[in-house]
Amino acid sequence: MNLPHIPPYKTKVVEPVYFRTKAERAAKIKEVNYNLFNLHSDWVIVDLMTDSGTGAMSEQQWAEIMLGDESYAGSESYFKLKRSVKDIMDFEYLAPTHQGRAAENILFSAVVKDGDVVPGNAHFDTTKGHIEFRKAEAIDCTIDAAFDTGTYHPFKGNINLDKLESVILKYGKDRIPFINITVTCNTVGGQPVSLANIKSTCQLAQKYGIPVYMDIARYAENAYFIKIREAAYKDWTIAEIVKEMFKEVAVVWMSSKKDGLVNIGGFIALNDAELYEKLGQFTIIYEGFLTYGGMSGRAMGALAVGLREGIEFDYLNDRVKQVQYLAEKLKTYNIPIQEPVGGHAIYIDAKKMLPHIPQTEYPAQLLGVEMYIEGGVRGVEIGTLLADRDPLTGKDRLPEMELLRLAIPRRVYSRNHMDYIAATLANVAARSKDIKAGFTIKKQAAILRHFTVELEKI
Ligand SMILES: *Cc1c(COP(=O)(O)O)cnc(C)c1O
């Protein structure tokens with residue numbers, strides 16, 4: 001008999017979960033105006049709102065918390081982190097920051113100016129925000145297949161090189177401070193980028209004398225997909241693939257809350273001494289001294305260990321297989337999901353699941369609320385609420401897709417939880433015809449309304 005797959009870790013510390021009845025949850029979600037962000041976490045049974053900063057740390061990471069050196073300057077924990085980054089990524093200089101968007105703030109303060117353009121695969125929203133904030137433009141050059149959920153492509157995060165070259169020719173080298181590759185590509189559903197595509201992008205960039213930077217929040221999951229799906233690298237270790245991914249890249253920045261396996265943190269890493277010095281001035285005004293940049297010593301120590309654990313094959317294999325297990329289970333219940341599933345999340349197609357609810361009544365939010373009432377499972381709407389209004393007309397922008405995202409925290413939930421999530425959605429699907437109407441908006445903020453919006457049942 002083949003032994004079943006089990007995770008490469010076991011439980012040492014537990015966190016309580018509180019159970020309430022469906023009726024109690026229905027009353028609570030109404031009380032908080034049907035906004036899932038307004039729930040106190042002890043009212044949630046399985047929390048799939050995000051995989052960012054929600055993972056569980058290992059005993060070695062907790063040991064590093066005790067060893068944290070909180071010296072203002074020259075902390076040993078900083079040097080531990082620097083050694084990890086050098087060993088894994090082969091970058092000499094390290095600027096820690098309190099999280100990913102702080103790295104973007106510092107890096108883009110140094111290199112992005114008014115009128116610039118930054119082409120790349122679909123930019124993450126904070127990346128785009130930090131580019132646009134500087135009156136520059138983020139241009140999406142992701143391959144078309146990324147936006148076709150019906151077709152299979154092993155690397156939907158890839159850059160379309162023709163599109164990229166036409167952007168370079170149109171704007172010229174002087175207006176392009178760098179080309180941005182995000183691995184995995186969060187915005188198109190955590191889809192990976194192939195090594196062949198990374199290499200071709202770097203070659204094209206070199207031809208025009210433009211550097212390539214990488215947004216590496218989920219670089220380890222990307223390396224895992226390269227090993228599994230790109231034949232040329234099937235015998236390479238994850239560590240070797242990671243080095244190959246970064247070989248021709250000038251600068252990387254990371255939200256460590258993802259593949260860093262920590263709850264908070266980020267950094268910029270590079271080999272260019274001159275640029276590092278320039279970044280330092282912004283680190284000092286925005287984050288803190290160069291050897292902590294907004295992180296505590298203990299947090300840097302935990303990250304130094306988390307980076308090493310994050311590229312272990314057995315861990316990555318368990319992580320990605322867990323996401324795929326949930327996808328398969330949902331498919332057996334005929335729950336419509338986006339495919340192929342990426343590394344960290346599953347996206348449910350609310351238009352297909354609640355076809356009788358018009359998009360103007362926020363079907364993905366409705367599905368999220370019903371999933372919460374049914375089983376206390378919390379996801380997040382990626383639909384009309386998130387798309388917000390047209391700044392000119394003030395009317396809702398209706399995006400092509402109405403999705404409910406289920407992001408899976410790292411090393412937190414078991415296979416039982418995956419079965420529980422799938423059963424919850426199956427029950428919602430079974431009574432979907434009785435879900436008669438969605439929501440209208442009672443109150444909304446001027447921008448980023450989804451965080452605080454108040455809704456009312458129609
Ligand atoms: C999360 C994320 C960021 C922003 O990082 P924070 O730590 O949330 O500030 C940037 N880029 C990508 C690809 C991300 O996933």
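Predicted model: local features only at pLDDT ≥ 70, side-chain atom pairs only at ≥ 80, totals over all residues.
1. Residues are numbered from 1 along each chain as its sequence is written, and side-chain values use heavy atoms, with hydrogens and water left out.

2. Who sits around the ligand? There are 14 residues, and Gln99, Arg101, Asp215, Ser255 and Lys258 come nearest. Sorted by class, the shell has two nonpolar, six polar and six charged residues. For that sorting, Ala, Val, Leu, Ile, Met, Phe, Trp, Tyr, Cys and Pro are nonpolar, Asp, Glu, Lys and Arg are charged, and the others, Gly among them, are polar.

3. Helix α4 (residues 100-111) gives the most to this shell, with three residues. Helices here are DSSP runs (H or I, at least four residues) and strands are too (E, at least two), numbered from the N terminus.

4. Now the ligand's oxygen atoms. One is 2.8 Å from an N or O atom in the side chain of lysine 258. An oxygen is also 3.1 Å from a side-chain N or O atom of asparagine 186, and at glycine 100 a polar backbone atom is 2.9 Å from a ligand oxygen. How much of the ligand does the protein bury? Taken alone the ligand exposes 380 Å², and the protein buries 98% of that (Shrake-Rupley areas, 1.4 Å probe).

5. Phenylalanine 37 lies in the loop between α1 (22-31) and β1 (46-47). It counts as partly exposed because its relative accessibility is 31%, between the cut-offs for buried (under 20%) and exposed (over 50%).

6. Arginine 25 lies in helix α1. Buried or exposed? Arginine 25 is buried, with a relative accessible area of 5%. Its C-alpha is 9.1 Å from that of valine 44, 19 residues apart along the chain.

7. Leucine 425, in helix α16 (residues 415-430), is buried at 0% relative accessible area. The C-alpha atoms of leucine 425 and alanine 273 are separated by 52 Å, with the two residues 152 apart along the chain.

Terms used: Near = heavy atom within 4 Å. Polar contact = N/O pair within 3.5 Å; in protein donor to acceptor, adjacent residues only side chain to side chain. Buried < 20%, exposed > 50% of the residue type's maximum accessible area, 1.4 Å probe, protein only.
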